[in-house]
Amino acid sequence: MNATIVNTNIIRDIDLSDQTIREKTRIVVLNSPEPDQKRTDINYYDFLVPSPKNEYLGSISASEIKTGKSLKIKKLGENNLSSEIYRITFNETLGPDEKKSIKIEAIYTTKTDFTPKEVSLGEESYYKYSENVYIESMYATLKQKTIFKLPNKNIKKYSDSPAPVVKKDSQVIFGPYKNINKDEKEEVTVLYFDMYPRVRANRYTRTVTVSHWANTLGISENFAIINNSPNIKNFKRSTYAILGYSGKLIHAFTGSKFIIPKDAHNIYFTDAIGNVSTSSIENTPRSKLLVTKARFPIVGGWKYSWDQGYHSYLKNYLKYNKSTNKYNLKTLFSCEFMNSPVRNYELHIILPEGARDIDVNIPFPVDSIEYEKIYSYLDFFGRTKIIIKKKNVVSELSKPILVSYSYSITDMLRKPFIVSAFFFALFLCRITLGRIDYSLKRSKTLKKE
Amino acid sequence: MVEADSKTKQLNLLKIAILLLISIVSIGSRLFSVIRFESIIHEFDPWFNYRTTKYLVKNGFYEFWNWFDPQSWYPLGRVVGGTLYPGIMVTSAVFYKVLDFLGLHVDIRDVCVFLAPFFSSLTAISAYLLTSEVKNSTAGLLAAAFMGIAPGYISRSVAGSYDNEGIAIFLLVFTFYLWLKSVRLGSMLYGCLTAIFYFYMVSAWGGYVFIINMIPLHVFALLLMGRFSNNLYVSYSTFYVIGTLASMQIPFVGFQPTFTSEHMASLGTFGLLQLFAFAYYLNSIVPKNSLKLIIRAGAVLITFVMGLVLVYLTITKKIAPWTGRFYSLWDTGYAKIHVPIIASVSEHQPTVWTSFFMDLNVLIWLFPVGIYFVYQELTDNQVFLIIYAIFGSYFAGVMVRLILTLTPIVCILAGIAVSELFDTYLDFSPNSKLAPQNPNKPKEKENIEVSIEKSTGTDVGNNKPNKRTTDKKSVTFEKSTESTKTKNIKQTGENKEKMFLSKFPKVVQLFVTGGIVALLTLFQIHSTWVTSNAYSSPSVILSSSDSSGNRVIIDDFREAYNWISQNTKEDAKIMSWWDYGYQLAGMANRTTFVDNNTWNNTHIATVGKILASDEPTAYKLVQDLDIDYILIMYGGILGYSGDDINKFLWMIRIGQGVYPESLKEDRFYNSQGQYSIGDTASKAMKDSIMHKMSYYGLKEVMGPQPMDRARRQQLPSEVTLDYFTEEYSSENWMVRIYKPKPIDILGRVPPK
């Protein structure tokens, strides 16, 4: 353990104004060896993500504040702490008594809490957030401050200790605190109001199907969401309608907009029973907008699940690389859904029958990548389905990924060949059967001859 | 010889092409609903079929056969495998598996949606086969074309109408075709095939009873006409024995063919046929005098014994008493008085004459013409058509839905009628039937042959009528010339009118042909119109238009069902009127109390009683029955008249049948004797939870003069609900879902 590091100052912003919880931690790191310690250069900083927050960590990134350059960050394996350690590697080493400012941005998919637990439509209710006001760190911290950024000025309540606590516009600032012991804990709570719902996808599966024959890239997405706003006790339609007219409706999720590519066609939005007719397409200069409206308003505590999808032209996403003789497919890891967090995400990529030497390139770690054989339209040997699983997906991960595979022309011609062979066999059968005489008696024509 | 061969080949090709086109048309015209709306299962019963099909595909045949469904008829459950006709489910499962095996992976829903249109094309083809069997292929093609687009059949076979009738009508027509073929040929093979398709029909639809009564009736009629033949004996014996044994393999039918009255006619005819055969056999070996005695004595003895047996079996209840639905076939007023649950179904109502016109249009006039032409020849098979026509018409008049069984015979006979007319009037060759005749100058043979060669050489289509006329040796022909015409004018008597017309044969021909063509065109336009406007609504989705004329989809049913499936507990038990049971099970996947199977009248009556009771009584019953949610339909916002308030009287009537002491229909009429809502309603009506749940909270969103648009009456001024809470109401208030309040800690009534 390297204890020569001291956090001279930490400022932590916790942004609660959106669907996900964004934590931005700015740290001034000082390499300050004790007089009796060896003076060495340091080239990394260990950042702690305490439990149970680490269960919900969606993405984490680090950068140097002065230069704005991003830093490498990597999760370390097993440790005996309850927290998880992320090691940030510096670009240049930090000499003794040198300072460096770094910034760590973590996004969490934590389920929103609220109070009271159950309300009637239109009743006031608040989101609730609790957090250890002292930042957990492996190192001694000289000075620290935690700022809660809330959606608006309507802040119902916040903990008033440990002092100093200041409310400023839509912010609540705890601190600064000086020389806090490493193990000290003090939970603070803020109760704040937001008229927008907190929607979370419990399950989101995106299936990408590559078809060389149809020249399409089929995207289909299945969402199962829950509105994590205060639960509605009983849904009185008249109250809902009146609140809706007067614009006082809060925490109701009625639909969302999805950005889909310009070349999207065969667009659909359905659920288990069938087409949801209240959806439309809008054209924007660079893309299309799929405007969806759920079958019913999803008020606090309610769930909804649906499917949506479209076809794109494959040639816009698939490139053939002559040097490696491979096809490269570029597709988004996930699509943005109102910046809402996804708890369980799965990406399925179905490659054409006969695709070999498959390589998946994802710029961030995922939980697992599996391969499965499935049989689809007119398949003879089955095709490969890549299943990529990841928990806690946030909109920041909506980045392109690359899948490369080799695929030969014979694979492509197999299908029409099999189909034509089948029909040929069918006609052949008919011709043969037509020429067989089934009757027990000798037929007249034979007699004549 | 070779030339003639190639001509028949050409004709066959033409026939196949026409049939193919008919198939395409019959499938195409059934797709309105998919294009207008979407590929969705329609209405009520199809949702059950769809759900069971999904179960069959998922769990396999044996699981399906033994399926006990705890989700319906809570808390009784339903032995699904033993209480349904599995034909349609198995058919679609087979289609699905075959397509899957071939590498065509389609959704089982799409198989179910498109099954009925596919089978309708097969029906058209079997109508062709049947008509060709009894008449000729011209009539066959016309019959097929009619069958393909007759609205009477389309009403039950549009895409998405995944019901038994969808395949059953094909089976009905095809079984009859095989039967007629086997009678004509006396072939055991065709007898067996008839039995097999009869078995398929039994597995598919309760209407199989129609076949098992029609065929014996045909046999019986032939016997009465003295047309007993070995052919008849062979085919009926084969059919009856194999068909009956096969039909008993369906658990829902079981031993019914041996003891229910619906099957007795076939058994009796079978016995009678044996006696006839025996008598004929005796006839060949015993001298005539003693034969008479034997037959008389035998007849008396057998009648006596049979009568005794029948009486005995009826008394000991071995022969099941007639069921209500069967009675209502004979007496249309029966159900209304005795079995409200049957009378409450709109498709069991007697048919109004307009619906004959709507469903069959011009065919309904051509139908008797066809019967007339059939009487002219009256072969064994044509006797069948007449019997079918009579019984089909009767049943269609009794129950609206049975227009469906009438449609095939109407199409067939209309096909015969039109083909006869065309045969006569479309023959422009000089020696047609209409051409002036002179029986004194029999020099026809040569001329005919010449003309046939000419007409067949130029036009394949015209060839057929000619051929037919040459077959008919009774008619004589004459080449028409100017001289014969002038001679004919002098002829007297009955030929006078004909002779007058025959002055302008072509004009008359053109006039008549043009008229028929116009009529048929009208029929086609009418069919398309009816199909697109009346029969293509899924009824799960409604559509209307807004003030600017844009189409608005009203999707409240699915909205509410989807809400239930997403936001109630998986084992939640939902009470609704039985109409929505299958939809609830199919779309919301929740336990229901009553559904469209309507096998347990008491259960339905209990639900009716709950809905008609005041809050405390209903609350107690709801607690006793472990009901989690109550779902009702309300159409007052949209002006949708098929809602629960309008069905309410039936609920009361059905409930009254079981709970006569606590439920009385009179109490729901106000002092003026009217069935009304709102402030003018009777006290029982205002107190009933149906009334309260329909109008609860509604006034708050309506303007100063709140109206119920479905009934055009004022809304009640105040509606309170103490024992139940509103859980969900759909966008247009069509579906309203309530929950009983939980019993509170202090046991207060009503719970606070």
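**Ground rules.** I number residues from 1 along each chain as its sequence is written, and I letter chains from A and number ligands from 1 in the order in which they are written. As the model is predicted, I keep local features only at pLDDT of at least 70 and side-chain atom pairs only at pLDDT 80 or more, while totals for chains, interfaces and linings use all residues, and side-chain values use heavy atoms, with hydrogens and water left out.

**Entry 1: the interface.** I started with where the chains meet. The contact (heavy atoms within 4.5 Å) draws 27 residues from chain A and 29 residues from chain B. Together the chains bury about 2,400 Å², 52% of it on carbon and sulfur atoms; buried area is the accessible area (1.4 Å probe) lost by two parts on being put together, summed over both. On the chain A side, A:Arg237, A:Ile273 and A:Arg295 supply 28% of the area buried against chain B, more than any other three residues.

**Entry 2: H20 on H22 in chain B.** Next I looked at helix packing; helices (H or I, at least four residues) and strands (E, at least two) are DSSP runs, numbered from the N terminus. Helix H20 (residues 363-377) packs on helix H22 (residues 403-425) of chain B at about 70°, with axes 7 Å apart. I take axes as lines fitted to C-alpha atoms, for helices over the stretch in contact, and angles from 0 to 180 degrees between N-to-C directions. That makes H20(B) roughly perpendicular to H22(B), given that angles under 35 degrees count as roughly parallel, over 145 as roughly antiparallel, 65 to 115 as roughly perpendicular and the rest as oblique. Among the residues meeting here are B:Phe367 and B:Phe373 in H20(B), and B:Ile409 and B:Leu413 in H22(B). By class I find 16 nonpolar, 1 polar and 2 charged residues in this contact. For these classes, Ala, Val, Leu, Ile, Met, Phe, Trp, Tyr, Cys and Pro are nonpolar, Asp, Glu, Lys and Arg are charged, and the others, Gly among them, are polar.

**Entry 3: H21 on H22 in chain B.** Helix H21 (residues 380-398) of chain B crosses H22(B) at roughly 140°, and the axes come within 8 Å. That makes H21(B) oblique to H22(B). The residues in touch include B:Tyr388 and B:Gly392 in H21(B), with B:Pro408 and B:Ile412 in H22(B). This contact divides into 11 nonpolar, 3 polar and no charged residues.

Entry 4: I found a cis peptide bond between A:Ser51 and A:Pro52, omega about 0°. A:Pro52 sits in the loop between strand S3 (42-49) and strand S4 (57-64) of chain A. In chain B, a cis peptide bond joins B:Tyr74 and B:Pro75, omega about 0°, and B:Pro75 is in the loop between strand S1 (68-69) and strand S2 (78-79). A:Asn215 is not glycine, but has a positive phi near 55°; this residue is in the loop between strand S16 (199-211) and strand S17 (216-227) of chain A.

**Entry 5: a UniProt record.** An unreviewed UniProt entry places a "transmembrane region" at residues 417-438 of chain A; positions follow the numbering used here, feature names are shortened, and annotations may be inferred rather than shown by experiment. In the model, I read residues 417-438 of chain A as 82% helix and 0% strand, with end C-alpha atoms 33 Å apart.
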